[in-house]
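Here's a quick briefing to read alongside the structure. Have the sequence and the 3D view open as you go through it.

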Amino acid sequence: QNLRKYLALNKKMASQDVQQIIDLVKNNHYQLACRSYFNFQHKNIMQKKNINIDMIDSQWSHPNEYFDNSYKLYHGDKK
């Protein structure tokens, strides 16, 4: 319930997007839920760069990997 409110109110997600994430979480698919949220959160920059979520290494096992991929979208690869 709290997650649903947070995504809908704070992140302005459409109800079908929120439901997709809720369903993944309910079925213990946390990495897929994270991937779905990443796709929503970064949709504008991915459209601008003409890439999609399948082009990003999104099999995260740690929050730092989410951050690293987000950083790469905006700033390029770390050197």
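What follows is a short tour, from the overall picture down to single residues.

This is a predicted model, and its protein chain has a mean pLDDT of 91, with 97% of residues reaching 70 or more. The chain is built from 5 helices and 0 strands.

**Overall picture**

- Starting at the N terminus, the elements read α-α-α-α-α.
- The C-alpha trace spans about 40 × 25 × 20 Å along its principal axes.
- Of the chain's 79 residues, 28% count as buried.
- The chain exposes about 5,900 Å², and 49% of that comes from carbon and sulfur atoms.
- Take the contacts between residues at least 6 apart in sequence: 41% of them link residues at least 24 apart.
- As for confidence, α2 comes out highest with a mean of 96, while α5 is lowest at 91.

**The nonpolar core**

- In soluble globular proteins, nonpolar side chains tend to be buried together.
- Here the largest nonpolar core has 17 residues, and the members touching the most others are Leu7, Met13, Ile21, Tyr37, Phe38 and Leu73.
- Two or more residues of this core come from each of α2 (15-26), α3 (30-41), α4 (43-48) and α5 (63-75).
- Which residues does Ile21 touch, leaving out those up to four places away in sequence? They are Leu3, Leu7, Met13, Ala33, Ser36 and Tyr37.

**The salt bridge**

- Side chains of opposite charge can pair when their charged atoms come close.
- The count for this model is 1 salt bridge.
- It is formed by the side chains of Asp54 and Arg35, at 2.5 Å from N to O.
- Asp54 sits in the loop between α4 and α5 while Arg35 belongs to helix α3, so the pair ties together parts 19 residues apart in sequence.
- Is Asp54 buried or exposed? Asp54 counts as exposed because its relative accessibility is 58%, and the cut-off for exposed is over 50%.

- Most residues other than glycine have a negative phi.
- Lys12 has a positive phi, near 55°, though it isn't a glycine.
- You'll find Lys12 in the loop between α1 (2-10) and α2, and it is exposed, with a relative accessible area of 65%.
- Asn28 is another non-glycine residue with a positive phi, near 65°.
- Asn28 is in the loop between α2 and α3, and at 52% relative accessibility it counts as exposed.

Terms used
Residues numbered from 1 in each chain as written. Predicted model: local features only at pLDDT ≥ 70, side-chain atom pairs only at ≥ 80, totals over all residues. Heavy atoms only, no water. Core = buried A, V, L, I, M, F, W, Y, C linked by side-chain atoms within 4.5 Å. Buried < 20%, exposed > 50% of the residue type's maximum accessible area, 1.4 Å probe, protein only. Helix = DSSP H or I, 4+ residues; strand = E, 2+ residues; numbered from the N terminus. Contact = heavy atoms within 4.5 Å. Salt bridge = Lys/Arg side-chain N within 4 Å of Asp/Glu carboxyl O. pLDDT = per-residue confidence, 0-100. Areas by Shrake-Rupley, 256 points an atom, 1.4 Å probe, with all protein chains shown as cover.
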